[in-house]
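I opened this model to look up its pockets, its ligand site and a few backbone details. My entries follow in the order in which I looked.

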Amino acid sequence: MKKTIKEDIYYSDYLQLNKLLDSQHLLSSDYDDLAHDEMLFIITHQAYELWFKQILHELRTIQAVFEQKPVDDKQLGVATHRLQRILAIQTLLIEQVNVLETMTPLDFLDFRDYLVPASGFQSVQFKEIEIRLGLKSCYRIAFDQHSFYRRLTPQHQDYLKKLELQPSLLEQIDEWLARLPFLHFGEFNFWHSYQQAVDKMLNSDEQIIINNPHLDAQEREKQLKNLADTRNQFKQLLEPKAYQMQFDTGFYRISQDAFLAALFISLYRDEPMLQQPFKLLTCLMDIDERFTAWRTRHAQMALRMLGRKVGTGGSSGHEYLSRTADHNKVFTDLFTLSTFLIPSSSRPELPDAIKQSLGFYFSGKEKGHL
Ligand code: HEM
């Protein structure tokens, strides 16, 4: 019910500390075998879950921005700001591992057996973050596609499976990029100019290889073959059918239009209209990278605590966790973009009319401008 008169509130009531601080029950004490470090283990996990809750709070509103059709450009700043908050939290999550690592592997063994079969596999909030970002089942390593689902309650399974059917942030970003209007320039064919710039760059590289006196015939042939492969990659990027074939194999996850828009943004990121989209794409890459850093750090902690033992959730332990660090990624296309960047000096010059439409329409002659 909505309150109409402001009431005084007490600190611990506002934060519901009674509930919060009464939620650390040491399982080892039930067996009359109190393990001192179990408190640290519980509090660390709870702190993680609270931060996961905050990440989801941000992520849901970021997704709401991209759910709109069309996306309201004015809200891109807020979305980026919230992505930056997620990044700050992720930094904390990686650092937090240090605190738990003050527990020695022997101390962990004092209570570990009581935890079986509970496991981080069952962190529904963690899985929700992954799925919302775009790590749907098809992108997970094979073992992970079903394994964690089997360990959840039917309600949790149902909740996450329904979430998998909704558009993820990756899919929303795909759609947003593909609709960006500045890729259609009337008479000017940007991609034609880009291809010419790429050819010029690669032809120059070819001459450098051919004229390099330090290469023997075998090395020269190898380098020329690598160059031919690069040339082919560029060709396949711009050719819709070839792109689609690579999309079908899973090499690309976003559509060709979206990928080219992201490439254009990266190439011309200094144009005023593109600065915000560029910041946003950079944040998405950073989020992916920080999750990988967390996974790697967590896998290392598991190795230190368990050696080669299996996890309480039944995975192969460290081996499984380091494979997820290598493979369970979301915005892989944004990293692939760098393959197709060309130096600023070779970048096609945009016609004035296009530059103007990517600017803020400020002529410099307005009143008050010096
Ligand atoms: C002594 C410390 C820890 C050890 C030895 C450990 C070990 C493991 C192992 C072996 C797994 C694989 C699943 C399994 O077989 O159980 C796992 C998964 C997981 N753990 Fe931990 N963990 C520790 C602490 C933490 C903490 C503090 C968190 C924070 C929430 C956490 C979150 C997770 C998550 C989210 C997964 C699922 C990862 C995925 O499936 O990609 N773990 N952990």
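Which helices each supply at least two residues of the lining of the largest pocket? I found α4 (38–67), α5 (76–100), α7 (112–115), α8 (124–133), α16 and α17 (318–327). I took helices as DSSP runs (H or I, at least four residues; strands would be E, at least two), numbered from the N terminus.

Before going on, I noted that this is a predicted model, in which local features need pLDDT of at least 70 and side-chain atom pairs count only at pLDDT 80 or more, while totals for chains, interfaces and linings use all residues. Residues are numbered from 1 along each chain as its sequence is written, and side-chain values use heavy atoms, with hydrogens and water left out.

**Entry: the largest pocket**

I read a volume of about 1200 Å³ for the largest pocket. Its lining has 42 residues, of which H45, S119, G120, F121 and H298 are the closest to the centre. The pocket search runs on a 1 Å grid over the protein atoms alone: a pocket is an open set of points with protein on both sides within 12 Å along at least five of seven lines, a cavity is a set where a 1.4 Å probe fits but cannot get out, and lining residues have an atom within 4 Å of a point. Grid points are joined across faces, edges and corners, and a volume is the space filled by probe spheres set on the points.

I saw that α4 gives the most to this lining of the largest pocket, with nine residues. By class, I counted 20 nonpolar, 15 polar and seven charged residues in the lining of the largest pocket, where Ala, Val, Leu, Ile, Met, Phe, Trp, Tyr, Cys and Pro count as nonpolar, Asp, Glu, Lys and Arg as charged, and the others, Gly among them, as polar.

**Entry: the ligand and its iron**

I then checked what takes up this space, and the largest pocket is the space taken by the ligand, on the criterion that more than half of a molecule's atoms lie within 2 Å of the grid points. Which protein atom is the donor of the iron atom of the ligand? I found NE2 of H298, the only protein donor, at 2.2 Å, and H298 lies in helix α16 (residues 272–306). Donors here are N, O and S atoms within 2.8 Å of the metal (3.2 Å for Na, K and Ca), and I kept in mind that water is not among the atoms, so sites may look incomplete.

Around the ligand I listed 27 residues, with S119, H298, G313, S315 and Y320 coming nearest; a residue belongs here if one of its heavy atoms lies within 4 Å. The shell around the ligand has 15 nonpolar, ten polar and two charged residues, and α16 gives the most to this shell, with seven residues.

For polar contacts I used pairs of N or O atoms within 3.5 Å; within protein, one must be able to donate a hydrogen and the other to accept it, and residues adjacent in sequence count only if both atoms are side-chain atoms. I noted an N or O atom in the side chain of S119 at 2.8 Å from an oxygen atom of the ligand, a polar side-chain atom of R295 at 3.3 Å from a ligand oxygen atom, and a backbone N or O atom of G313 at 2.7 Å from a ligand oxygen atom.

**Entry: the second largest pocket**

I read about 380 Å³ for the second largest pocket. Of its 20 lining residues, D73, L76, W176, L180 and P181 lie nearest the centre. I found α11 (169–178) and α16 to be the elements that give two or more residues to this lining, and α16 has the largest share, five residues.

**Entry: cavities**

How many cavities of 30 Å³ or more does a search of the whole structure find? I got two. The largest cavity has a volume of about 80 Å³, and R295 is among the residues that line it, as are E130, D288 and F331. The second largest cavity, of about 40 Å³, is lined by L170, I173, L177, I254, F331, D333 and L334.

**Entry: backbone details**

I found a cis peptide bond joining K69 and P70, with omega of about -5°, and P70 is in the loop between α4 and α5. A cis peptide bond also joins V116 and P117, with omega of about 0°, and P117 lies in the loop between α7 and α8. Lastly, I noted that Q16 has a positive phi of about 50° although it is not a glycine.
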